[in-house]
Structure formats: structure tokens, C-alpha cells
Amino acid sequence: MKKILTVLLVLVLSFSLFAQGSSDGAATANVENSKGVIYGIYKAGDQTWFIDEGEAAAAAANEAGYDFIYVDARMSPEEYLRAIDNAIANNAAGVVTCTPDQTLSRAVVDMLSAANIPVVAADDALEENGEKLAPWVGINAYVIGEANGLWLANYVKENNLASDPSVGLLIMTMDTVSSCVPRAEGEYDRFTAECPEFSTDRIYFADYDGTTDKGYTAADAVFTAHPEVTTWLVTGANEEGTIGALRALEQAGKAENACVVGLGAYMAKDEWNADGAASAMKASAYFPASAVGRGSVEVLVAMLNGEEVQMETAVDAVVVTPDTYKDVMGDDAL
């Protein structure tokens with residue numbers, strides 16, 4: 001059902017937010033007397049995060065006088081490079097993008113630079129050897145990870161779980177994505193600092209690709225391998241991964257005592273809207289996709305106007321729970 005709803009969201013985005021379709025499967029928003037077209041090329045355009053990000057990016061582009069084309073690269077490097085080629089062929093004014101493969105960073109920046117098209121990286125940096133090749137807008141990854149680690153540590157203390165050998169912590173990781181690595185590092189560092197009595201032998205890791213399905217598979221493997229753990233604490237690198245772990249816990253009959261903490265709250269709010277405090281999703285670090293979407297276009301427009309811009313723009317977060325998410329998230333909680 002949730003997959004169907006996601007597909008419907010993409011269709012709604014394509015037909016209501018954007019006025020017409022393009023040959024590469026993107027959707028287009030037009031404005032009168034346009035200054036040009038900004039392409040938003042996203043690695044997983046069917047995910048809620050990128051749908052929300054693209055909607056905000058389109059609004060910011062339109063307000064600045066630009067048309068906007070939203071492209072879903074479908075987690076495919078080939079689709080992604082084809083979208084970059086299309087942006088160049090169509091004389092894009094600029095590109096905001098989240099690449100599905102950061103090893104393509106140099107090639108993408110060089111291609112766009114040769115065409116005199118400015119680019120801003122959103123979420124995942126365009127970088128080489130740890131150095132950013134283009135301005136980046138995303139979340140304050142390590143600090144947000146720390147917020148989750150602190151919340152979990154407090155949860156453990158409040159529920160007297162630190163010394164219980166049947167309690168385990170699973171941290172979902174995305175080790176090939178530079179913007180995600182600091183999230184898990186922040187979670188681990190803050191949790192172990194705040195809760196040193198929790199044995200690190202009971203902290204486990206599961207690497208995945210950012211999708212719910214792969215998150216489910218990776219988490220389920222850990223849960224199956226450790227039957228001695230009957231109470232699971234879970235956090236991770238993105239919301240999809242923690243939702244995947246939540247589904248694995250439910251399938252294994254281990255959700256009742258579990259505590260899952262997400263990142264983004266854009267899927268956690270669906271759990272709470274449906275089940276409230278009964279859900280094993282106990283909290284999530286809320287950072288709006290709209291802030292990244294709008295911010296990336298604002299930086300790009302500044303570049304188009306000849307202004308100097310910062311190489312890094314980071315969005316902070318606040319941890320929300322079933323009791324606080326509606327007040328904190330506002331319309332994003334719907």
C-alpha cells in the first residue's frame with residue numbers, strides 16, 4: 001500500500017506541481033518570460049524525501065523566474081549521466097543534483113563546466129578525495145547523528161536497559177555515501193559517550209543502499225544472527241533504512257519491545273498518523289527536505305547572478321516523537 005501511495009505521489013507531483021512532461025521522463029514547471037531552465041536531477045526521485053525536495057526546488061526556481069525540470073535517475077548511474085547529457089543538450093541554465101554514485105563527481109562537474117552550466121550538489125556532495133567540487137546543500141550530518149545518539153542514550157537510561165544483555169543496538173550504515181557516514185558516526189559516538197555502561201559488544205551494524213527493501217534485508221540478517229537479543233534499539237543513515245528495519249522487526253515478531261529512531265521524520269509521521277505511540281518508531285530527527293530543495297536552488301540562483309557562495313550549507317534537525325511531531329513539523333506532519 002505504501003509503495004502504491006508513493007507512486008501516486010510521484011504522479012501527482014508530475015501532473016499538478018509541474019505543467020508538462022519531457023522526453024526523458026522528467027516533469028516540467030513553466031513560468032512566463034522564463035530566464036531559462038533549471039534541472040533537478042535526483043538519484044531516487046520516487047522516494048518521499050526527493051519528491052518533497054523537488055517540489056520545494058521547483059517553487060524556488062519559479063519564484064526566481066526559471067522553469068524547472070524534475071528528473072528521477074532511478075538509482076542508475078546510466079540514467080543519471082543521460083539526464084546530465086539532456087540538461088546540457090537542452091542548454092540548462094543550471095543543475096541541482098543528488099548523484100547515485102559519487103565516483104561520477106569529477107566527470108559530472110567537468111561535463112557541466114565545459115558547457116558553462118553551474119551545478120549545486122544536494123544531499124550527497126559532488127566530491128573527489130574528500131574535497132567538494134561544487135557547492136553543496138544538505139543536512140548537518142554528524143550533529144544530526146549525535147542528536148539521535150543522545151535520544152537513544154536517554155531512552156536506555158530511562159528504561160534501565162544499559163546493563164541488560166538481551167538488549168542490542170543496530171546502527172544502519174551507508175558506507176559508500178559520504179553524506180551518510182557522519183550520521184552513523186555521530187550516532188555511535190554520542191550514544192557510547194552518554195551511555196558508557198552499554199557494552200559495545202552489543203552494538204551491531206548493517207550496511208545498505210538507502211532503500212527500504214535493502215534496509216529490511218540488511219537488518220533482518222542481523223536480527224536473525226542474534227536471537228539472544230530480544231529488545232532491539234535501531235537508528236541509521238536515512239529514514240528508509242530505519243523503516244526497513246522496523247518492518248523486519250514486525251515480521252520477526254520483535255517490534256513490541258523495540259525502539260526505532262529515524263532520520264527525516266517524513267516516513268515516521270506516517271507510522272504515527274496510523275498507530276500513534278503504539279508504533280515501534282519512537283522518535284525521528286526531523287529536518288525538512290524542503291529546506292534542502294529550496295536552499296540548493298537559492299545557492300544556484302546566486303551563482304547565476306554572479307554572486308560568491310559558500311561551498312557548504314547545512315540544515316540542522318530536531319528530534320520529534322509521537323507527542324511532539326505535529327507541533328514541530330506543522331504541515332509536514334500531514
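This is a predicted model: local features need pLDDT of at least 70, side-chain atom pairs count only at pLDDT 80 or more; totals for chains, interfaces and linings use all residues.
**Reading a buried serine and some helices**

Me: Where is serine 284 placed?

Reply: Serine 284 lies in strand β14, residues 281–286.

Me: Does serine 284 count as buried or exposed?

Reply: Buried means under 20% relative accessible area. Serine 284 has 0% relative accessibility, so it counts as buried.

Me: What does the side chain of serine 284 reach?

Reply: The backbone oxygen of glycine 262, at 3.3 Å.

Me: Now helices. How do I read a packed pair?

Reply: Two packed helices are described by the angle between their axes and the distance between the axes. Take α3 (residues 77–89) and α4 (residues 105–114): the angle is about 10°, and the axes are 10 Å apart. That angle makes α3 roughly parallel to α4.

Me: Which residues meet there?

Reply: From α3 come Tyr80, Leu81, Ile84, Asp85 and Ile88. From α4 come Val108, Met111 and Leu112. By class, this contact of α3 with α4 has seven nonpolar residues, one charged and no polar.

Me: And how do I read one helix alone?

Reply: An α-helix has 3.6 residues a turn, so residues three or four places apart point the same way. In α5, the buried residues are Ala141, Ile144, Gly145, Asn148, Gly149, Leu152, Ala153, Tyr155 and Val156.

Me: How many residues does α5 have, and what is its reach?

Reply: Helix α5 (residues 141–158) has 18 residues. From first C-alpha to last, α5 reaches 26 Å, close to the 26 Å expected at 1.5 Å a residue.

Me: What comes just after α5?

Reply: Asparagine 160, with a positive phi of about 55°.

Conventions
Residues are numbered from 1 along each chain as its sequence is written. Side-chain values use heavy atoms; hydrogens and water are left out. Axes are lines fitted to C-alpha atoms, for helices over the stretch in contact, and angles run from 0 to 180 degrees between N-to-C directions. Helices (H or I, at least four residues) and strands (E, at least two) are DSSP runs, numbered from the N terminus. Angles under 35 degrees count as roughly parallel, over 145 as roughly antiparallel, 65 to 115 as roughly perpendicular and the rest as oblique. Contact means heavy atoms within 4.5 Å. Ala, Val, Leu, Ile, Met, Phe, Trp, Tyr, Cys and Pro count as nonpolar, Asp, Glu, Lys and Arg as charged, and the others, Gly among them, as polar. Buried means under 20% relative accessible area, exposed over 50%, partly exposed in between (1.4 Å probe, protein chains only). A polar contact is a pair of N or O atoms within 3.5 Å; within protein, one must be able to donate a hydrogen and the other to accept it, and residues adjacent in sequence count only if both atoms are side-chain atoms. The expected span of a helix is 1.5 Å times one less than its number of residues.
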